[in-house]
Each structure stands twice: as structure tokens, then as C-alpha cells.
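Subject: Structure handover

Hello,

Here is the structure we spoke about. Please open it alongside this email and follow the notes below.

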Amino acid sequence: MGIDTPRLCHTAVFSHPLFILSAMKTNKRRSPPVQREFGGTLGATCIPIFLPLIVLYLLCVSHTPGGALLQWPPPLPPAALLRDPAAIAMVLGWMALQIFLYLLPVGKVTEGMMLRDGSRLKYPINGFHALCISAVLLVLSLCLGMPLGYLFELLVPLAVCAIALSFLLSIYLYLRSFWAPSHALSLGGNTGNPIYDFFMGRELNPRIGSFDLKYFCELRPGLIGWVVINLAMLMKEVELRGSPSLSMLLVNGFQLLYVTDALWNEEAVLTTMDIVHDGFGFMLAFGDLAWVPFTYSLQANFLVVHPQPLSTIGAAAIILLNSLGYYIFRQSNSQKNQFRRDPTHSSVTALETIATATGKRLLVSGWWGFVRHPNYLGDLIMATAWSLPCGFSHILPYFYVLYFTVLLVHREARDEQQCRAKYGLAWDTYCRRVPYRIIPYVY
């Protein structure tokens, strides 16, 4: 699956235009017609233009004293700032560090879901190790006097570099997909439309040797980078005010818990839509490398310029809300993952299920009898808790909640479509038993 070793030895030949044209002609078998997502070709054309601009706009607005989400003309940074060589070095150095940690022979190796050709790929489960080692290196750097708060001034050029990297990676992924065997291509990203396929990703699991590009980007550089940016914002607040605010501590703590949970349960990502269904193209590359670290850290970024007082009672209430969201999120995901791994386990044998034509069974009790996507409900509750420490004077720190709501509703619709096609009448029976999709009695 992906480029094998002999092919990697012929990079010069592959880069020849006539060879590329020949490869494109020999790999033109397309997937059966599927419904195009994200607005089809129009969406695939507009999203790669507007989303990077949104990232840069949000970062610029968060640094203005007014912090108004709708400003015209928009605040523009100096052109020289956008190509800061220090930012380029930091992004490349960060990627190199995470690649090195990915390749370390620590942790276990596990198999992913079965592919269309009947094979299973192997994945290193060492993301939590990467987080811990990154944290140790960060603490050592701080002890040696590294001015981590300086990242606050570099956020815009860092984002520009991450965006450029996501485009370059996406171009590489699209071109190399023409040497992948047909069974290695994504069903949804192999339509023959170059714009749409570039966006969705033609190849399902692109690899260089045993290095899985999609799996690496999914949880490593962007997610751990999000934590580093949050800590940098905390250090900047210390520089400005002498100590971190309670609001900043809550945002850092909540989001560190979320990232730690994701990497501790890294094996669960192997059953997600991103890994199992979606090809690796611009959609995931940009989301992993640019969107996640620079928009998910928006609350901490906002608090540097717009400090918000928070009472002890208010902080306690927000902590309880985040704890509730995390409990629902973790328990529902654990129940689902345990049922998938071992339906005979004592923790799930008492749950009610219904049979499907595929031979598998659907949970219709427990958390999955409460709403169809209880993990999404927990996610939304946590997202709200992350924004509440920023107060109610600005809508900017609530951008994440608004975006995440749209994302989860859209993802839920994609889930519904795939499950109905896969399970047929059994899924209709489940929907009648569990009528609410995410929020009970609301949606």
C-alpha cells in the first residue's frame, strides 16, 4: 500500500514529465460513482482558498485590541512578517522531531482494519510517548532560557508555513497516488476530477516504506503542536502580567487533557472515518497541520490580549461542565471500542444489540441507546467549557464552538449515510429505537 522500496530508488525517473503522464494513463481506473461531498467541485475549489485565509484572519483579529470578529478592512500583518525565516525553521524542525519520535521503536504495534484486498496495515502506537518526550524536551528548553512566549509574535508566520506545508504535501500526495494500485485508492477521492480528488485525497493509506503519512499527521504534529502553542500563550501572559490567569490555566488544562486522552487512546483512531474511509488529500493535510493547531488554540491566543477575570465559583462550574463532557465522551467511546474489539467482554455483554445483514451487530442500549452519537455530545459540551473562561464580551473565542457544531453535524450526516448503506434495514430499526442524533430531545 503506497510507494515500495524499489520505486523510491528511481525518484529522478519519476519526476520526468513524460513518465508522470504515462503513469496517470495507466492508473485511470476510477471508483464507482459516489455522491460528492463538501459541495463537490465548487466546494473543493473554494475551501482550499478560503480556509487558509480564515486561519490567518482569526489570528490577526485575536491580536487586535478590539478583537471584533467582523472588521473591515481586516487587520493585515506586515508582508515581511509572513516569510520570517525563524518560523520556517521552527515548522521544519518540529516536523522532523515528530517524525523521529514516530519512528522510535517504543510502544506496541497493532493492525488496522481490513482493507479491500484483505490485508491489514501495521501501526506504531507510540503517540503518548511522543507527547511525553516532547514535554520533557520543552521543559528542558524552558529551563535553559528558551523564550517560548515569543511564539505569540510568530503565530501568523508559523501559520503561513504550516499552510504552505499542507499544500506541498497535498500536491505530493496527489501526484504519487497515480502509482498506487487501484485497491489502494479511496472510494470517495478517485472520481477523475483532479480538483475534487486533490481535495479529498486519491490514496487511502499513502506510505513511504512503513511510514504512514496520514496516520502520522492525524494525531502527532498538529495535536501536540496545539498544546505547545497553548503553553506559549501562557508563558506570554506571564511575561506581560507576572503570572498566568485562572482563565488561561483552565483553557490549557482542559485542552491538554483532551490531547493526552487522544494520544493515550491512539489505537482507537484506527477505526475512525478519517483512517478507514477518507483518502489523504488537502482536506485532512490542511486540517491536521494548520487548522487544528492554529484555530483550536484560539482561546489561549485570545486571552493574551483580552484577559478575562474569573471567579472561583465560575471556574468550579466550568470545571464541572468540562468534566461532564469528558465523562460522556470517554465512556461512550470506550464502550464502542470495547464492543468492536471484543463483543463477549463482560462490560458489554449485558448491552442490547440488533443483528445486521453484514453479520455484525449494532448497539442499541448503553450510551449508544441514549443518542446515536453520544461521543459528539461530549465533544460539544467540552468545546463550550473551553470557551467559557474567555467571558461573553467577544464572539471570537466561541468560533471553535460554532465551527465544531457545524463539523459534527456534517460528520454525523456522513456517518448516517454510510451506516444506512452498510446496514440497511437494521440501521432504520436503530434510528427508530434511538431517534435523537446528538442532543437528546433537540437534535
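Predicted model: local features only at pLDDT ≥ 70, side-chain atom pairs only at ≥ 80, totals over all residues.

Residues are numbered from 1 along each chain as its sequence is written, and side-chain values use heavy atoms, with hydrogens and water left out.

**Helix 13**

Helices here are DSSP runs (H or I, at least four residues), numbered from the N terminus. Helix 13 covers residues 282-295. Its end C-alpha atoms span only 17 Å, whereas a straight helix of 14 residues would span 20 Å. That expected span is 1.5 Å times one less than the number of residues. Helix 13 also bends by about 40° at D288. The bend is the angle between axes fitted to the seven residues ending there and the seven starting there. Of its 14 residues, 14 are buried, so helix 13 is largely enclosed by the rest of the structure. Buried means under 20% relative accessible area, exposed over 50%, and partly exposed in between (1.4 Å probe, protein chains only).

**Cysteines**

A disulfide is counted when a pair of cysteine sulfur atoms lies within 2.5 Å. The count comes to zero disulfides. For C143, the nearest cysteine sulfur belongs to C132, 17 Å away. C143 is exposed, at 66% relative accessible area. C390 is in no disulfide either; the nearest cysteine sulfur, that of C60, is 18 Å away. C390 is buried, with 0% relative accessibility.

**What the record says**

An unreviewed UniProt entry lists "transmembrane region" for residues 38-65, 85-104, 125-148, 154-175, 280-298, 310-329, 350-371 and 391-410. Such annotations may be inferred rather than shown by experiment; positions follow the numbering used here, and feature names are shortened. In the model, residues 85-104 are 95% helix and 0% strand, with end C-alpha atoms 29 Å apart. Residues 391-410 are 60% helix and 0% strand, and their end C-alpha atoms lie 28 Å apart. Strands are DSSP runs of E, at least two residues.

**Pocket and cavity**

Both come from a 1 Å grid over the protein atoms alone. A cavity is a set of points where a 1.4 Å probe fits but cannot get out; a pocket is an open set with protein on both sides within 12 Å along at least five of seven lines. Lining residues have an atom within 4 Å of a point. Points are joined across faces, edges and corners, and a volume is the space filled by probe spheres set on them.

The second largest pocket has a volume of about 610 Å³. It is lined by 26 residues, and M90, V91, W94, L151 and V228 are the closest to its centre. Helix 5 gives the largest share of that lining, six residues.

There is one cavity of 30 Å³ or more. The largest cavity holds about 40 Å³. Its lining includes S170, D197, R202 and F280. Helix 7 supplies the largest share, three residues.

L175 sits in helix 7 (residues 151-176). L175 is partly exposed, at 33% relative accessibility. L175 and R202 are 27 residues apart in sequence, yet 9.4 Å apart in space, C-alpha to C-alpha.

**Y441**

Y441 lies in the segment after helix 18 (425-433). Its phi is near 65°, a positive value in a residue other than glycine. Most residues other than glycine have a negative phi. Y441 is exposed, at 71% relative accessibility.

Best wishes
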